[in-house]
Amino acid sequence: MRSPAGPGATPPGATPPGATPPGATPPGATPPGATPPGATLLSRAALALYPPSWRARYGDEVRALLDDSGGGLAAVASIAWRAVPAWICLPKHLHDRPGRMRSSLATALVAWSMLTGLGLVFAQLTQFQGFNAPGHPEVRLAYAVFDVSLFGSALVAGVGGLPLWLLMLRRAWREHRPRDTVYLLLPLIAPAAYLAALIVTIRLVGGPQGVSPWWFLVVTLAGFAAAATAAAGPGLALRRLQPRGPAPRLAAGAAGLAAAAMAVAAAAIVVAVIGLCLWEQRFAGYHHGTVPGIYLALVVLAATVTTVSAARGTRAALAES
């Protein structure tokens with residue numbers, strides 16, 4: 001006859017305290033057939049490398065494939081590597097023309113704002129200072145071309161983009177979307193705040209000759225920040241609201257024309273700055289090529305991004321119509 005079990009003893013057939021029951025998963029281990037947490041994060045990172053339209057069409061299938069294979073590092077690396085040709089040659093049935101048009105519009109708007117800011121800096125340091133390089137009419141002609149191109153670009157961008165801006169503003173207000181409403185109002189809020197800060201700054205630190213060079217640099221950088229903020233607001237609203245119809249197509253066409261005009265203005269800036277460096281002797285800033293060279297590189301970069309983005313948006317708009 002067996003002796004009775006003592007206090008705290010484990011009954012026959014029972015699992016001792018702290019032990020893992022038969023068939024159960026030990027604490028901290030991955031259940032059979034489940035994907036390790038690290039592999040899930042790697043899978044998401046690999047899929048994030050693909051174009052949005054590709055992810056929308058094939059994302060679920062690829063996730064299921066990775067889950068079945070265990071989501072190993074080799075499988076994730078293979079998926080990530082195939083993202084390169086997906087961007088280079090996206091299948092035609094996956095082309096999201098409205099999405100491309102909106103994305104190109106947002107990029108072109110920011111680049112156009114930066115290029116416009118660079119143009120205003122050019123006007124401040126050349127025409128407004130009376131530097132004309134006497135005996136060289138090329139500089140005066142470049143000034144005239146710049147003025148006409150800048151005005152025409154701003155006019156076309158404003159007229160062509162106003163219907164889209166009003167459309168998104170009405171929708172954001174109607175659907176009670178305060179964040180998108182603020183985004184759309186940033187083109188009004190940011191310049192107003194910048195002008196108010198500029199007036200206060202000039203009154204506090206300005207002298208008979210204006211502000212010092214260092215304060216001029218601060219004011220200029222603040223102006224670029226305000227311009228970027230004002231342009232980024234409608235771009236964010238475009239991606240969130242995803243408007244469709246004739247208004248985005250009109251804005252994309254206007255962006256193409258405005259970008260072309262700004263490209264002409266950028267060419268005029270290049271001609272004028274090079275002419276001033278060669279022939280203008282009254283301003284020391286044009287005697288050394290380092291600062292003008294950096295400035296011209298920024299102008300060319302902004303003009304290139306603006307033109308390429310606007311061209312992509314225009315092509316998508318024409319294909320959509």
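# Close-up views of a helical chain

**Overview: the whole chain.** The secondary structure of this chain comes to 10 helices and zero strands. The model is a predicted one. Among contacts with a separation of 6 or more, 78% join residues 24 or more positions apart.

**View 1: helix α5 against helix α8.** This view pairs α5, residues 97-125, with α8, residues 213-241. Their axes lie 9 Å apart, and the packing angle is about 160°. An angle over 145 degrees counts as roughly antiparallel. The helices α5 and α8 are therefore roughly antiparallel to each other. Their crossing is right-handed. Sorted by class, the contact of α5 with α8 holds 16 nonpolar, seven polar and two charged residues.

**View 2: helix α5 against helix α6.** Here the axes of α5 and α6 come within 12 Å. They cross at roughly 150°. That angle makes α5 roughly antiparallel to α6. The crossing of α5 and α6 is left-handed. On the α5 side, the residues that meet α6 are Leu 105, Trp 112, Thr 116, Gly 119, Leu 120, Phe 122 and Ala 123. On the α6 side, they are Tyr 143, Phe 146, Leu 150, Ser 153, Ala 154, Ala 157 and Leu 164. By class, the contact of α5 with α6 has 11 nonpolar residues, three polar residues and no charged residues.

**View 3: the largest nonpolar core.** This core has 28 residues. Seven of them touch the most other members: Leu 115, Phe 122, Tyr 143, Phe 146, Ile 269, Tyr 295 and Val 299. At least two residues of this core come from each of α5, α6 (137-174), α9 (246-279) and α10 (290-320). Helix α9 gives the largest share, nine residues.

**View 4: Val 299 and a second core.** Val 299 is one of the residues that touch the most other members of the largest core. Residues up to four places away in sequence aside, Val 299 touches Leu 115, Leu 118, Ala 266 and Ile 269. Elsewhere there is a second, separate core of 19 residues. Its members include Ala 108, Ala 247, Ala 259 and Ala 317.

**View 5: Ser 149 in helix α6.** Ser 149 has its place in helix α6. Its relative accessible area is 11%. Buried means under 20%, so Ser 149 is buried. Not counting residues up to four places away in sequence, Ser 149 touches Ala 261, Val 264 and Ala 265.

**View 6: Gly 275 in helix α9.** Gly 275 sits in helix α9. With a relative accessible area of 2%, Gly 275 is buried. Its neighbours within four places in sequence aside, Gly 275 is in contact with Val 139 and Glu 280. Gly 275 and Glu 138 are 137 residues apart in sequence. In space, their C-alpha atoms are 7.6 Å apart.

Key
Residues are numbered from 1 along each chain as its sequence is written. This is a predicted model: local features need pLDDT of at least 70, side-chain atom pairs count only at pLDDT 80 or more; totals for chains, interfaces and linings use all residues. Side-chain values use heavy atoms; hydrogens and water are left out. Axes are lines fitted to C-alpha atoms, for helices over the stretch in contact, and angles run from 0 to 180 degrees between N-to-C directions. Helices (H or I, at least four residues) and strands (E, at least two) are DSSP runs, numbered from the N terminus. Angles under 35 degrees count as roughly parallel, over 145 as roughly antiparallel, 65 to 115 as roughly perpendicular and the rest as oblique. A crossing is left-handed if the near helix is turned anticlockwise from the far one by less than a right angle, and right-handed if clockwise. Ala, Val, Leu, Ile, Met, Phe, Trp, Tyr, Cys and Pro count as nonpolar, Asp, Glu, Lys and Arg as charged, and the others, Gly among them, as polar. A nonpolar core is a set of buried Ala, Val, Leu, Ile, Met, Phe, Trp, Tyr and Cys residues joined through side-chain atoms within 4.5 Å. Buried means under 20% relative accessible area, exposed over 50%, partly exposed in between (1.4 Å probe, protein chains only). Contact means heavy atoms within 4.5 Å.
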